[in-house]
Amino acid sequence: MGRLFVGVLGVSTKRRTIIAGNWKMNKTFGEGKKLAAAIVEGVKDKKDLPEIVLCPPFTLLSEVTESTKDSAVKVGAQNMDYRDEGAYTGEVSPVMLTSMSVGYVLIGHSERRQFFGETNATVNLRLKAALRHDLVPIVCVGETLDEREDGLTDAVVRRQVAAALADIDETDLEKIVFAYEPVWAIGTGKTCEADEANRVAGLVRATVNEFYSRGESGQKNKSTVGEQIPVLYGGSVKASNVDEQLALEHIDGSLVGGASLTAQEFLPIIEAGAKRVARVPSKA
Ligand code: PEP
């Protein structure tokens, strides 16, 4: 039986289960349309479904939104600008996303950090923009292989989480989702050991609690807001390893790259999420 957590309002909550697929820069228009339709068909009439989120490229957002309407499948963007509009060639704003019924957005994915100049500071700006526009932000954190080998995993993850939350009020946290994604496990086939993924996911949650705990040590006003925040694991998740991950205390779902690109691989991961929902029913 899942653990019962006490939320920020003092109400007992159980954390929701989320299975998100990040298609990255894959799928033509026709391919994406087919894949979305296959996922919708695959979850039709299924019970205990987790929150299912497809994050296609921008070119497919409109089509995937259309294909998934009236289904349990939600749609997210892989990135967005933090400004509402203006002369920013090539960018897509939160206003544009919400105007087409996109409900989620990935923020600070390691590929954005690695290849497109995303920093902890811009992650914070995007997170504030997502909250302002009522998008559910999935904030990605995780260490590189060098950082892990240098024993810096915890310091890096703590810094990324704290920087993302700068100047964000505790009362605005309700919508935030974090994803722990060790960079060395993304797209490499190397999965982080489930116990270690669970430990770091717990560290993400503890860091959120510490961030909002105030006062001198010894007489701290302790925050438990982190207990209500879903933390996903991402990094070579597949049908063969997801059950073990989702059985652990701090892992509330999966952010899936490669294995979200076919219905054949993604549907069993959704099924694993459904098993967690059956064990840990979330509060509506
Ligand atoms: C990702 O894109 O966030 C990811 C975890 O990719 P993969 O599952 O392919 O490692």
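**Aromatic pairs, burial and helix packing**

Tutor: The count of aromatic pairs comes to three, where rings of Phe, Tyr and Trp (its six-membered ring) pair if their centres lie within 6.5 Å. The model is predicted: local features need pLDDT of at least 70 and side-chain atom pairs pLDDT 80 or more, while totals for chains, interfaces and linings use all residues. Residues are numbered from 1 along each chain as its sequence is written, and side-chain values use heavy atoms, without hydrogens and water.

Student: Why is the pair of phenylalanine 115 and phenylalanine 116 called edge-to-face?
Tutor: Planes under 30 degrees apart count as stacked, over 60 as edge-to-face and the rest as tilted. The ring centres of phenylalanine 115 and phenylalanine 116 are 6.5 Å apart and the planes stand at 80°, so this pair is edge-to-face.

Student: What makes the pair of phenylalanine 211 and tyrosine 212 edge-to-face?
Tutor: The planes of phenylalanine 211 and tyrosine 212 are at 75°, with the centres 4.9 Å apart, so the pair is edge-to-face.

Student: Why is phenylalanine 211 called partly exposed?
Tutor: Buried means under 20% relative accessible area, exposed over 50%, and partly exposed in between (1.4 Å probe, protein chains only). Phenylalanine 211 has a relative accessible area of 31% and is therefore partly exposed. Tyrosine 212, at 2%, counts as buried.

Student: Why does histidine 133 count as buried?
Tutor: Its relative accessibility is 19%, so histidine 133 counts as buried. Histidine 133 lies in the loop between helix H5 (120–132) and strand S7 (136–141); helices (H or I, at least four residues) and strands (E, at least two) are DSSP runs, numbered from the N terminus.

Student: What makes valine 105 buried?
Tutor: Valine 105, in strand S6 (residues 104–107), has 0% relative accessibility and therefore counts as buried. Beyond its neighbours within four places in sequence, valine 105 is in contact (heavy atoms within 4.5 Å) with residues including Ala77, Met80, Leu97 and Ile138.

Student: Why are H7 and H8 called oblique to each other?
Tutor: Angles under 35 degrees count as roughly parallel, over 145 as roughly antiparallel, 65 to 115 as roughly perpendicular and the rest as oblique. The axes of H7 (residues 153–164) and H8 (residues 194–212) come within 9 Å and cross at roughly 45°, and the two helices are therefore oblique. Among the residues of H7 that meet H8 are Val157 and Val161, and Leu203 and Phe211 are among those on the H8 side.

Notes:
Axes are lines fitted to C-alpha atoms, for helices over the stretch in contact, and angles run from 0 to 180 degrees between N-to-C directions.
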